[in-house]
Amino acid sequence: MSKIWLNEQLMEQQQATVQIEDRGFQFGDGIYEVIKVYNGNLFTAEQHIDRFYRCADELKIVIPYTKDKMHQMIYELVEENELGTGHVYMQITRGVAPRTHYFPGNNPQATFVAYTTEGARPVNNLKNGVKTIFQDDIRWLRCDIKSLNLLGAVLAKQTAHEQGCYEAVLHRDEIVTEGSSSNVFGIKEGVLYTHPINNYILNGITRMVMLECCREIGLPVVEEAMTKTQFKSMDELFLTSTTSEVTPIVQIDEVVVGEGHPGEWTRKIQQAFEAKLPNMLVI
């Protein structure tokens with residue numbers, strides 16, 4: 001039976017309840033993070049926790065623990081649940097208060113939840129690549145905050161799913177931003193292109209690790225927005241996220257990318273990324 005954190009109580013998951021006037025439930029007034037675990041080891045936990053606190057600050061949510069305490073709690077959760085390879089999901093909301101759109105005046109204590117799930121690496125997708133579609137980016141203008149408000153992403157991902165695709169590549173007018181739950185990248189003539197960091201995209205932790213890999217293997221990087229036309233003309237495409245790692249894109253709408261299989265640079269990036277994973281064999 002899995003253990004979860006509910007505020008400062010480590011309890012059985014079936015025993016945990018959240019009140020109906022929690023602002024996360026009623027407004028999506030909160031943030032979340034997903035941390036990958038490989039063979040019982042937290043991967044890039046410090047970076048995820050740093051982003052968790054930054055996003056909370058952006059929404060003026062006070063996290064009642066230090067970063068060190070948060071890290072300790074997450075590590076204890078992984079140990080308690082004997083998690084091998086999988087994920088830690090964590091979120092915090094503004095707390096429980098009578099329903100008003102403005103912030104409650106009684107400064108309720110934030111509600112913190114964290115739990116684990118088993119999940120193998122997406123080996124088939126990593127080897128063979130995935131199909132994607134374009135979708136309008138209808139999300140709000142603070143995509144740099146990892147908030148609980150995900151309806152725009154959910155609708156895009158559902159449309160992709162209904163069309164037998166793994167991901168929806170989002171665009172504002174003709175400018176490609178990111179995936180519904182990932183960052184996206186193109187490689188053209190030995191140069192990697194990706195949207196610059198601003199309010200239109202989330203600066204993914206895997207994105208940051210991947211860009212470090214590019215420096216290590218000598219792949220130049222240009223952080224410059226691509227149009228849909230430019231995106232479709234790339235020699236190679238791929239996406240990154242905590243759960244997807246570095247996943248090749250082999251098709252966008254009806255356009256086959258390159259020769260229809262993962263490209264050489266993408267393979268090199270995957271290998272450099274895998275070399276950073278704790279106690280993992282390269283696939």
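1. A contact here means heavy atoms within 4.5 Å. With that in hand, of the contacts in the protein chain between residues at least 6 apart in sequence, 71% join residues at least 24 apart.

2. A word on provenance: this is a predicted model, in which local features need pLDDT of at least 70 and side-chain atom pairs count only at pLDDT 80 or more, while totals for chains, interfaces and linings use all residues. Residues are numbered from 1 along each chain as its sequence is written, and side-chain values use heavy atoms, with hydrogens and water left out.

3. Now the overall build. The protein chain has eight helices and 15 strands (DSSP runs, H or I of at least four residues for helices and E of at least two for strands, numbered from the N terminus). Along its principal axes, the C-alpha trace spans about 55 × 40 × 35 Å.

4. On burial, 52% of the 283 residues in the protein chain are buried (under 20% relative accessible area, with a 1.4 Å probe and protein chains only).

5. Of its 28 residues, F52, M70 and F112 touch the most other members. At least two residues of this core come from each of β3 (30–38), α2 (45–58), α3 (67–80), β5 (86–93) and β6 (111–118), and α2 gives the largest share, six residues.

6. Have a look at M70: leaving aside residues up to four places away in sequence, M70 touches I49, F52, Y53, I63, Y65, M90 and F112. A second, separate core of 17 residues includes Y38, I187, L192 and C213.

Technical notes:
Core = buried A, V, L, I, M, F, W, Y, C linked by side-chain atoms within 4.5 Å. Buried < 20%, exposed > 50% of the residue type's maximum accessible area, 1.4 Å probe, protein only.
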